[in-house]
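Dear colleague,

Here is the structure we spoke about, with the sequence alongside. Please open both while you read the notes that follow.

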Amino acid sequence: MKMLSILLLGAILGTSGCVVGPPVAPYPGRATFAVAVGDRPYYNRGPYYVQYGRHYAWVPGHWARQHGRRVWIHGHYAPRR
């Protein structure tokens, strides 16, 4: 996922410098967009929490192989041992 983000950012920045001539001033009808990539670091309880005396810690999202394909496993809280 990070590599894809880096390649996408590089492609956007690389093509933006290809214009020859004076810089163009923005005009009111110009479209803008934002790209957000990644999993939220913590959902609603922070890095850990305690419930009924049991400690739970945040496990961040990661890529894994399932049935021969790469899939994204979302972050979740898991009991600490």
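Trp63 sits in strand S3, which covers residues 62-66; helices (H or I, at least four residues) and strands (E, at least two) are DSSP runs, numbered from the N terminus. Please bear in mind that this is a predicted model, in which local features need pLDDT of at least 70 and side-chain atom pairs count only at pLDDT 80 or more, while totals for chains, interfaces and linings use all residues. Residues are numbered from 1 along each chain as its sequence is written, and side-chain values use heavy atoms, with hydrogens and water left out.

Trp63 counts as partly exposed because its relative accessibility is 35%, where buried means under 20% relative accessible area, exposed over 50%, and partly exposed in between (1.4 Å probe, protein chains only). Together with Met1 and Leu4, Trp63 forms a nonpolar patch on the surface, and the three have about 300 Å² of accessible area together. The areas come from the Shrake-Rupley method with a 1.4 Å probe, and for residues only the protein chains shown count as cover.

Trp63 is also among the contacts (heavy atoms within 4.5 Å) of Val71, which, leaving aside neighbours within four places in sequence, touches His62, Trp63, Ala64 and Gln66. Val71 belongs to strand S4 (residues 69-73) and, at 25% relative accessibility, is partly exposed.

In the loop between S3 and S4 lies His67, a residue other than glycine whose phi is positive, near 55°; His67 is exposed, with a relative accessible area of 84%. For context, most residues other than glycine have a negative phi.

Turning to the other strands, S1 (residues 48-51) and S2 (residues 54-59) pair in the antiparallel sense over four bridges, pairing being counted if DSSP finds at least two bridges between two strands. They form a hairpin with two residues between them, and Tyr52 in the turn has a positive phi of about 55°; Tyr52 is exposed, at 82% relative accessible area.

S2 is also joined by four bridges to strand S5 (residues 76-79), and these two run antiparallel. Tyr56 is the bridge partner in S2 of Tyr49, and Tyr56 also stands opposite Pro79 in S5.

Notes. Patches are made of residues with over 30% relative accessible area and no salt bridge: like charges are joined within 9 Å, nonpolar side chains (Val, Leu, Ile, Met, Phe, Trp, Tyr) within 5 Å. A salt bridge is a side-chain nitrogen of Lys or Arg within 4 Å of a carboxyl oxygen of Asp or Glu.
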